[in-house]
Amino acid sequence: MQKHAVFAEFTEITSTSAIDTARHGWRAKCLQRLIRIDLPVPRTVALPCETVRLIATGQMPDTEKLAAIFAGALVSIRPSPANPDWGGPGTVLNVGMNAAKHAELVRDHGAAHANALYLGFVQSYAIHVARLDPDMFTAEPSAEALAAALAAYEAEMDEGFPQSPAKQLGEVLRSMARAWEGTTARLLREAKGAPADAALGLVVQEMAQPVGPGLSGSGTIQLFEPVTGAPQVTGRFRGLNPANRKAEETLYLVKDKRGHSLEEAAPEVFARLQDHCRICRERLREEMLIEFALENGALKVIDAVKMQRSSRAAVRIAVTLAQDKIISREEAILRVEPRALSELLHYQVDPRLPRDRVARGIAASPGAASGKIVFSAADAQAAAARDERCILVRRETAPEDIRGMHAAVAVLTERGGITSHAAVIARGLGLPCIVGASDLSLNSRDKVLKVRDGRTFREGDVITVDGTNGEVLAGTAEMLEPALDEWFTTLLHWADNVRDIGVRGNADTPDDARTARMFEAEGIGLCRTEHMFFDEDRLTVMREMIFADTVKDRKVALDRLLPMQRADFIALFDIMAGLPVCIRLFDPPLHEFLPQDREGLRELAEALDRPLSEVTRRVEALSEFNPMLGMRGVRLGITIPEIYEMQARAIFEATVEASKRGAAVVPEVMIPLVSAKREVELIKTRVDAIAAAVRTSTGADFDYRLGVMVETPRAALRAGEIAQHAAFLSFGTNDLTQMTYGLSRDDAGRFMGDYVQQGVYPEDPFHVLDEDGVGELLLIGSTRGREMRPDVTLSVCGEHGGNPESIAFCRRAGLDYVSCSPFRVPVARLAAAQFALLEPRAVT
C-alpha cells in the first residue's frame with residue numbers, strides 16, 4: 001500500500017498560480033508564460049521539486065486526486081528541472097491507457113490506431129517504469145503484438161498490466177523521480193554545470209485525443225532554420241488523415257510537391273501556429289520551437305522550448321532580435337557563447353548529413369577539411385605544389401613540420417594534447433586539427449593508417465578532419481561555408497563598443513597579419529620571428545650561419561638574411577597600417593633548425609660542402625639536455641649578438657621604408673626569456689646603437705618601444721627593476737606555465753587528463769590560466785612593474801590570450817590588452833565584451 005505524504009503537493013498551472021522556476025522547473029514556468037499570453041495550453045499540473053524528492057523515497061502524493069483532475073483523459077509526464085540544459089528522464093506519453101480506453105479507440109478510430117497507441121504505452125511502461133528486458137517489447141504494432149506484450153508483462157511481473165490510471169500515474173512518477181537521483185543521471189547533469197543537489201520538478205499534462213471528424217495529431221513548428229538561422233518554417237506533423245480515420249499520415253508543414261501539407265489541410269491552423277510563434281518571440285524574447293497538438297481541428301500548444309540552433313544560427317538570431325528591438329544589444333552580446341564563434345570562421349561539416357566516423361581524438365583547432373592523406377611535411381608540400389588538398393598525418397609534429405602544416409588543409413596526430421605543438425600551430429594557422437587520436441595505428445614507413453574497426457587507409461586516400469568535434473571521417477564530407485556575414489560583423493562591432501581591454505593578434509607571417517586584420521585585431525601582440533626562417537630558401541642560409549666558424553662568416557650569412565627579414569617586416573607594417581606591431585627577437589635554440597635524422601644530415605653536409613662526420617659532430621654539440629631551459633632567447637642575443645643586431649637593423653630599416661608609404665610606424669621590439677635586469681640593459685644598449693646607426697644612414701627619424709616578454713618566474717618577481725628599461729611587459733603564459741609547473745607543454749598531455757579527472761588540477765593549466773599559481777606571478781609582475789613605471793603597458797601574449805576565462809582574469813588584473821592567434825581574435829573580442837558587461841573593471 002503506497003504511503004501518502006501529507007505535505008506533498010501539486011499545483012494546477014494557471015496564469016495566477018504560484019509557479020516558481022526554482023521549485024517547479026523551467027518547463028512549468030514556461031507553460032505558465034504561454035498561458036499568460038493566451039496560448040491554448042491543455043490542462044497541466046506541476047509537481048514541485050520537494051514533492052518529487054519525496055516520491056523518490058516512496059512517499060507518494062494522492063494520485064487518485066491527481067488523476068481525477070484530468071477526468072479520464074490520457075496524460076503525459078515530462079521532466080522540469082530548473083535549467084533545460086540539465087536534461088532529465090524521458091517523457092512518458094499516454095499514461096492512463098488501459099483496456100477500456102483501447103476499446104473506446106477501436107470503436108471510434110479502428111483497431112490499427114488503437115493497437116498502436118496501447119502497444120506503444122505498454123512497451124514504454126515495461127521498459128522505463130517496470131525496467132523489464134527491452135528485447136521482449138520491440139514488436140511492430142498489431143493485435144498479436146499487443147496481446148504478446150501484455151502476456152509478457154504479466155509473466156514477468158506476476159500480475160496483469162495495471163489498468164488504474166492512478167496506479168499508472170504513481171508508478172511513472174516514482175520511476176522518473178528515482179531516475180533523476182541515479183548516479184549516471186547525476187554525473188551527466190553535473191557535467192553540464194548542474195549543482196550536485198540540483199532538483200527535478202515534473203509536469204503532468206492532458207493529451208489531445210483523436211476524436212471527431214476533424215484533423216487530429218501532433219507536431220512541432222519553428223520559424224527559423226536551425227543551422228543557418230534564416231527565416232524558414234520548419235517542423236513536422238503526424239496525425240490521422242481526415243479522409244481515412246484509420247490511417248496515420250506525416251504531413252509537411254508548408255506546401256510541398258512531395259506530399260500533403262498542414263498548410264493545405266488546415267490553413268487556418270497553420271496561420272495560427274505562425275502567429276503563436278511570433279507572439280512567443282515577442283513576449284518570451286526568444287525564437288521558440290512550439291510543440292502542438294490538434295484535437296478534432298482544435299489547436300493546443302503542448303510546450304514551447306528554446307529553438308535548438310547551430311552557432312551561426314545563434315549569432316544571426318541574437319542580432320536579429322536586437323535589431324527588431326525585442327532585446328537590447330547588450331543582451332544580444334551576452335546570448336552568444338564566445339567559443340561558438342570559432343565555428344563561424346571555418347568550413348564545418350554539415351550536421352544535417354550522415355557521417356562515416358572512423359576515429360576520434362581531441363578537437364584541437366576548429367573547422368573541417370577533406371583531403372588526401374600524406375605522412376610527411378615534404379609530401380604535403382609536394383601535394384600543394386600539384387594543387388592537391390592534403391591532410392598531414394603524423395605521430396606528433398615538430399618545428400620542422402611547420403612548412404608541411406602550411407601546405408596541408410588539416411592536421412591529424414596520433415599523440416598530443418590541446419596545447420601540443422600541432423594544436424598550437426594549427427590554431428595559429430587556422431587549420432582544422434585533431435590530436436591525441438589514439439584510435440589510430442600509424443605506420444609512417446609503410447604509409448599506412450589503420451583504425452579500430454579494421455579499415456586501412458593509405459597515402460592518397462581521402463579522409464575528412466572535423467577539428468570542431470574531434471572526429472575523423474572516411475571520404476569527403478559536405479561542408480558549410482564560413483559565416484563571416486553581416487550578423488557576425490554586427491555582433492562584434494557591438495562588442496567592441498563595450499569591451500574595455502584591447503585585443504591584438506599573434507602573427508608570424510604576412511598571411512597571419514592579413515587574417516588578424518580581417519578579424520579587426522588592434523595590432524600584432526606577438527610576431528615570432530623564428531618562424532620566418534623555416535622557408536626553404538632561408539633555412540639553408542640559417543644553417544650556414546649556425547655552422548659559421550668565425551664572427552665574420554656569421555655576419556656574411558646574416559647579411560643574406562637581412563633583406564629577407566626587412567621585407568617581412570615591411571609587409572607586416574604595411575598590412576597593419578600604423579597599428580602597433582610587437583616583434584619578438586629570435587627565441588628558440590639553434591638546434592631546432594638542424595636535421596636530426598641521417599638523411600637530413602647527409603643533405604645538410606652536401607648543402608654546406610662539409611664532411612658528414614663534421615656536420616654530425618656539430619649537430620650533436622649543439623644539442624641540449626633540456627632545450628627549453630638552455631641556450632635560447634636573450635641568452636642567444638647576448639652570446640651571439642650578431643643575430644639580434646641583424647634583426648634590429650631589419651626592423652628599423654623596415655620602419656623607415658614603411659613610414660614613407662603610409663602611417664608612421666612605431667615598432668615594438670620584445671626581448672624573450674629575460675630573467676635579469678642586466679640582460680635587458682645589454683640588449684637595450686645594442687639595439688639603441690643599431691637604431692642610431694639606421695637613423696644616421698637613412699637620414700630619417702623614428703621612434704620605437706623596447707619591452708620584455710615575461711616568461712620566467714624570476715622575471716615576474718623582478719618585474720619592478722626590469723620595467724626601468726622596458727616600455728612594456730608582455731606575459732608569455734605558455735612558457736611561464738611550463739616553468740612554474742616544471743611541465744613540458746608537449747608531454748603534459750600524456751597524464752593531464754588523469755590529473756584533471758582526479759582533481760590534482762581543476763583544468764589543464766596550458767588551456768585555462770592557472771589563477772592561483774601562474775596568475776599570482778602575473779599579478780606580482782604587473783603590480784611591481786606599474787609601481788616602478790606607471791606608464792608601462794601590460795599584456796598577455798600566450799595561448800591563454802584567446803581563452804575566455806583567462807581574459808576575465810586579465811581584465812581583473814588591469815592588463816591593457818591580450819594577444820592571441822588570429823582565428824581566436826573574434827572569440828576574445830566577444831568574451832572581453834561579455835566580461836565588461838558582467839564584471840567591473842579593476843581600478844589600477
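Student: What makes β2-β3-β7-β5-β6 an open sheet of five strands?

Tutor: That's the strand order, with antiparallel pairing. A strand here is a DSSP run of E with at least two residues, numbered from the N terminus (helices are H or I runs of at least four). Two strands pair if DSSP finds at least two bridges between them. The edge strands, β2 (11-12) and β6 (92-95), each pair on one side only. By the way, this is a predicted model: local features need pLDDT of at least 70, side-chain atom pairs count only at pLDDT 80 or more, and totals for chains, interfaces and linings use all residues. Residues are numbered from 1 along each chain as its sequence is written, and side-chain values use heavy atoms, leaving out hydrogens and water.

Student: How do you know that β5 and β6 pair?

Tutor: Strand β5 (residues 75-81) and β6 are joined antiparallel over two bridges, and pairing takes at least two, so they qualify. V75 has V95 in β6 as its bridge partner.

Student: Why is T464 called buried?

Tutor: Buried means under 20% relative accessible area (exposed is over 50%, partly exposed in between; 1.4 Å probe, protein chains only). T464 has 0% relative accessibility, so it counts as buried. Its place is in strand β23 (residues 462-466).

Student: What makes the T464 and S370 side chains a polar contact?

Tutor: They come to 2.6 Å. The cut-off is a pair of N or O atoms within 3.5 Å; within protein, one must be able to donate a hydrogen and the other to accept it, and residues adjacent in sequence count only if both atoms are side-chain atoms.
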